[in-house]
Amino acid sequence: MAKTLSSIISAILLFTIIFSGPATAKPHRFSRHVSPATLGLKRQKLSHLHFYFHDIVSGRSPTVVQVAKAAMTNRSATLFGGVAMMDDPLTVGPNVTSKLVGRAQGIYASADQTETALLMVVNFAFMEGKYNGSSLSILGRNAVFSTVREMPVVGGSGLFRFAHGYAQARTHTFDFKTGDAVVEYNVFVFHY
């Protein structure tokens, strides 16, 4: 009887091991479809943000510093290969002392050998009003001497999660002696 009971228990264990192994285990997933409602996403809205970007390369407290350059950068008419890191104030008006609404933090690089054009990789980090703590990410080409430059908004955080749109940059002032610039931005962004 003990031998029969032992055989039955062994058979049950063997059955359990065979049929509860990887074949019936919940598979690991790489991706899945998710309803936007599960993330609290409702209707998409379009917002227009308007501010001024202060790119200060001169003086005792520059907001831009060169972090890399190629051997040929200083001989290039476009400063091709130069890379700068920025932490520029974003203000409501064109004067740097006007109300601060955020910071433009990122990198730009001279990426054209024949025209002064930059590759811009920038986060607009907002610190004012309902967008405080939210950011927009810009990635694109900025032909700095064109009247209006358009760059895509490729994403965002906070209230700008799932953001997409575009930013238009227009030089307000540029000092050829110091290199300092004030740039007006109009950003049109879809977000939830």
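I take buried to mean under 20% relative accessible area, exposed over 50%, and partly exposed in between, with a 1.4 Å probe and protein chains only. On that scale D112 is buried at a relative accessible area of 16%.

**Entry 1: basis.** I worked on a predicted model, in which local features need pLDDT of at least 70 and side-chain atom pairs count only at pLDDT 80 or more, while totals for chains, interfaces and linings use all residues. Residues are numbered from 1 along each chain as its sequence is written, and side-chain values use heavy atoms, with hydrogens and water left out.

**Entry 2: overall make-up.** I looked up the secondary structure, taking helices (H or I, at least four residues) and strands (E, at least two) as DSSP runs numbered from the N terminus. The protein has one helix and nine strands, in the sequence order α-β-β-β-β-β-β-β-β-β. Of its 192 residues, 33% are buried. The accessible surface comes to about 12400 Å², and carbon and sulfur atoms hold 61% of that. With contact defined as heavy atoms within 4.5 Å, I noted that 48% of contacts between residues at least 6 apart in sequence join residues at least 24 apart.

**Entry 3: pairing of β3.** I counted two strands as paired if DSSP finds at least two bridges between them. Strand β3 (residues 83–91) runs antiparallel to β1 (residues 45–55), with two bridges; Y52 stands opposite T91 there. Four bridges pair β3 with β2 (residues 64–68), again in the antiparallel sense, and V64 faces M86. Nine bridges join β3 to the antiparallel strand β4 (residues 100–110), where Q105 is the bridge partner of D87.

Entry 4: A68, in strand β2, is partly exposed at 35% relative accessible area. Beyond residues up to four places away in sequence, A68 touches G81, G82 and V83. I then looked for patches, which are made of residues with over 30% relative accessible area and no salt bridge, like charges being joined within 9 Å and nonpolar side chains (Val, Leu, Ile, Met, Phe, Trp, Tyr) within 5 Å. V65, V67, M85, I107, L119, V121, L139 and V154 make a nonpolar patch of about 630 Å². One of these, M85, lies in β3 and is partly exposed at 37%.

**Entry 5: salt bridges.** I used a side-chain nitrogen of Lys or Arg within 4 Å of a carboxyl oxygen of Asp or Glu as the criterion, and the count came to four. D112 and R141 meet in one at 2.8 Å, N to O. D112 lies in the loop between β4 and β5 and R141 in strand β6, so this pair ties together parts 29 residues apart in sequence. R141 also meets E115, at 3.0 Å. R141 is partly exposed at 44%, as is E115 at 33%.

**Entry 6: N142.** Is N142 buried or exposed? N142, in strand β6 (residues 135–143), is buried, with a relative accessible area of 4%. Its side chain makes a polar contact of 2.8 Å with that of R149. I took a polar contact as a pair of N or O atoms within 3.5 Å; within protein, one must be able to donate a hydrogen and the other to accept it, and residues adjacent in sequence count only if both atoms are side-chain atoms. Leaving aside neighbours within four places in sequence, the contacts of N142 include T116, L118, M151 and Y185.

Note on methods
Areas by Shrake-Rupley, 256 points an atom, 1.4 Å probe, with all protein chains shown as cover.
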